[in-house]
Amino acid sequence: MLVVITDTIEQGHQTAASLVGQAIKKNPTLRLGLAAGNTSIGLYQSLVALHRSMHLDFSAVEFFSLDEFIGLPSGSSMSYEAFFHQHLFRHVNADPAHVHLLKGEPQGDIISYCDSYERLIHDQGGIDVQLLGIGINGHLAFNEPMSSFRSRTRMCLLSTDTREKLSQTFNETKVPERAVTMGLGTIGEAQTLLMLAFGKEKAKPIARAIEGPLTAEIPASSIQLHQNVVVILDPAAARGLKYKSYYQQQSSHLSMLLPRNLM
Ligand code: GLP
């Protein structure tokens, strides 16, 4: 696992965006898994800046999303679909035919829908780079504590911790009780994982995910089983890490240590 600790959150966003930008330049048909959440907003802003200043071309990129709420009023601005449009798609030249976002209200039954999403990812050749955040309880996408490491795309219940955290941003909209999420097994099949975490509230889950025991209690610890992981942190999120000096050493040799599709 490559852990990069940047001096500031802004540098973290820029580092992540430049890695994604390199991956797209190297492979214009990159299959990119998107993560929602406050942490990723700056990354998408930096990608939009690369699109504007360096003509980073998104037209052939295939996009997939990690998760979506179930039960929001239709057209809600709180959906992750709205989030991706607001922070990314509205500003870049993505082809709508290449945008595959999980739906919170699919037609037909949810189990068949989740299976069809798995098939879609598989038929497109799998995800090359999966962007990830981490929840304060260690969740990955909406794989809450005690999710199976082999879980697949499915409907799940949101934990009390997650719903409490979400209530800070949902204001008058009722926080949903359910979501659809890629499973930990699905996420683990992406070629490369690029996780971002910033701020002191992420210090504990990050320390447990990266250096703690592999445990379903911390779903994000599943990334320890993956062969190509890059984690980008600011000093506050890295505060609880034991092997910080080793990570700093890695950061200064980053270009030669990166997974092949981010080089
Ligand atoms: C949300 C999402 C995750 C996201 C995480 C962190 O609930 N389901 O995919 O990574 O929690 O969110 P934030 O970046 O807002 O802290």
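This is a predicted model: local features need pLDDT of at least 70, side-chain atom pairs count only at pLDDT 80 or more; totals for chains, interfaces and linings use all residues.
A polar contact here is a pair of N or O atoms within 3.5 Å.

**Around the ligand**

Let's start with His139: one of its polar side-chain atoms lies 3.0 Å from an oxygen atom of the ligand. Tyr80 also reaches in with a polar side-chain atom, this time towards a ligand nitrogen. Gly133 does it through its backbone, with an N or O atom facing a ligand oxygen.

| Residue and atom | Ligand atom | Distance |
|---|---|---|
| His139, polar side-chain atom | oxygen | 3.0 Å |
| Tyr80, polar side-chain atom | nitrogen | 3.4 Å |
| Gly133, backbone N or O | oxygen | 3.5 Å |

How much of the ligand does the protein bury? Taken alone, the ligand exposes 390 Å², and 90% of that is buried by the protein. As for where it is, the ligand sits in the largest pocket.

The residues surrounding the ligand include Ala36, Gly37, Asn38 and Thr39, along with Asp67, Ile134, Ala141, Phe142 and Lys202. Sorted by class, this shell has five nonpolar, five polar and two charged residues.

**The strands**

Now for the sheet. Seven strands make an open sheet with parallel pairing, in the order β1-β10-β9-β6-β2-β3-β5. The edges belong to β1 (2–5) and β5 (99–100); each has a single partner strand, so one side of each is left without a neighbour in the sheet.

Inside that order, β6 (residues 129–132) and β9 (residues 192–197) pair in parallel over four bridges. Leu131 has Leu194 in β9 as its bridge partner.

Then there is some antiparallel pairing, with β8 (residues 178–181) taking part. Strand β4 (residues 67–70) runs antiparallel to β8, and four bridges join the two; Glu68 has Val180 in β8 as its bridge partner. Strand β7 (residues 154–157) also pairs with β8 in the antiparallel sense, again over four bridges, and there Cys156 has Ala179 as its bridge partner. In general, strands of a sheet pair through backbone hydrogen bonds, either parallel or antiparallel.

Note on methods:
Residues are numbered from 1 along each chain as its sequence is written. Side-chain values use heavy atoms; hydrogens and water are left out. A residue is near a molecule or strand if one of its heavy atoms lies within 4 Å of it. A polar contact is a pair of N or O atoms within 3.5 Å; within protein, one must be able to donate a hydrogen and the other to accept it, and residues adjacent in sequence count only if both atoms are side-chain atoms. Accessible areas come from the Shrake-Rupley method with a 1.4 Å probe; for residues, only the protein chains shown count as cover. On a 1 Å grid over the protein atoms alone, a cavity is a set of points where a 1.4 Å probe fits but cannot get out, and a pocket is an open set with protein on both sides within 12 Å along at least five of seven lines; lining residues have an atom within 4 Å of a point. A molecule sits in a cavity or pocket if more than half of its atoms lie within 2 Å of its grid points. Ala, Val, Leu, Ile, Met, Phe, Trp, Tyr, Cys and Pro count as nonpolar, Asp, Glu, Lys and Arg as charged, and the others, Gly among them, as polar. Two strands pair if DSSP finds at least two bridges between them.
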